[in-house]
Amino acid sequence: QVQLVESGGGLVQAGGSLRLSCAASGSIFSINAMGWYRQAPGKQRELVATITSGPNYADSVKGRFTISRDDTKNTVYLQMNSLKPEDTAVYYCNAYIRPSWGKPWDDCWGQGTQVTVSS
């Protein structure tokens with residue numbers, strides 16, 4: 001069984017920075033794409049950024065957020081700079097993980113971490 005555990009959320013003023021981390025643990029043979037999504041109150045969950053061999057960003061965060069991964073630690077990061085009140089949301093980690101050879105890929109999600117940006 002695989003777990004994704006996020007950390008690094010919190011309250012920050014507009015213009016500030018936060019760094020989110022998400023570590024995968026458990027039965028892991030291989031990890032393909034990793035990424036971050038977010039869901040604001042009353043809105044649908046939306047893609048923020050994903051990374052396989054290279055990064056992919058939502059237009060709303062390009063130039064402000066940077067996604068990276070450390071495959072030696074099965075961890076994905078999201079560095080968020082120049083934060084805006086509209087970035088306020090619960091941020092979810094996502095990863096496509098193969099738990100063992102021959103098993104299908106699992107679409108795994110973390111429990112979410114709250115990011116609040118005050119104006």
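Visitor: What is the relative accessible area of Ser-82?
Guide: This is a predicted model, so local features need pLDDT of at least 70, side-chain atom pairs count only at pLDDT 80 or more, and totals for chains, interfaces and linings use all residues. Residues are numbered from 1 along each chain as its sequence is written, and side-chain values use heavy atoms, with hydrogens and water left out. On the accessibility scale, buried is under 20% relative accessible area, exposed is over 50%, and partly exposed is in between (1.4 Å probe, protein chains only). Ser-82 counts as partly exposed, because its relative accessible area is 41%.

Visitor: Where does Ser-82 sit, and what is its phi?
Guide: Look at the loop between β8 and β9 (89-98), where you'll find Ser-82. Ser-82 isn't a glycine, yet its phi is positive, near 50°.

Visitor: How many helices and strands does the chain have?
Guide: Both are DSSP runs numbered from the N terminus: helices are H or I with at least four residues, strands are E with at least two. From the N terminus on, the elements read β-β-β-β-β-β-β-β-β-β-β. That comes to zero helices and eleven strands.

Visitor: What is the radius of gyration of the chain?
Guide: Radius of gyration is taken over C-alpha atoms, and the globule rule is 2.2 Å times the number of residues to the power 0.38. For 119 residues that rule gives 14 Å, and the chain is close to it, so it is as compact as a globular protein of that length; its own radius of gyration is 14 Å.

Visitor: Is Thr-113 buried or exposed?
Guide: Thr-113 belongs to strand β11 (residues 113-118). Contact means heavy atoms within 4.5 Å, and, leaving aside residues up to four places away in sequence, Thr-113 touches Glu-6, Gly-9, Leu-20, Ala-89, Val-90 and Tyr-91. Its relative accessible area is 12%, so Thr-113 is buried.

Visitor: Which residue's backbone nitrogen does the side chain of Thr-113 reach?
Guide: A polar contact is a pair of N or O atoms within 3.5 Å; within protein, one must be able to donate a hydrogen and the other to accept it, and residues adjacent in sequence count only if both atoms are side-chain atoms. Here the distance is 3.4 Å, and the backbone nitrogen belongs to Gly-9.
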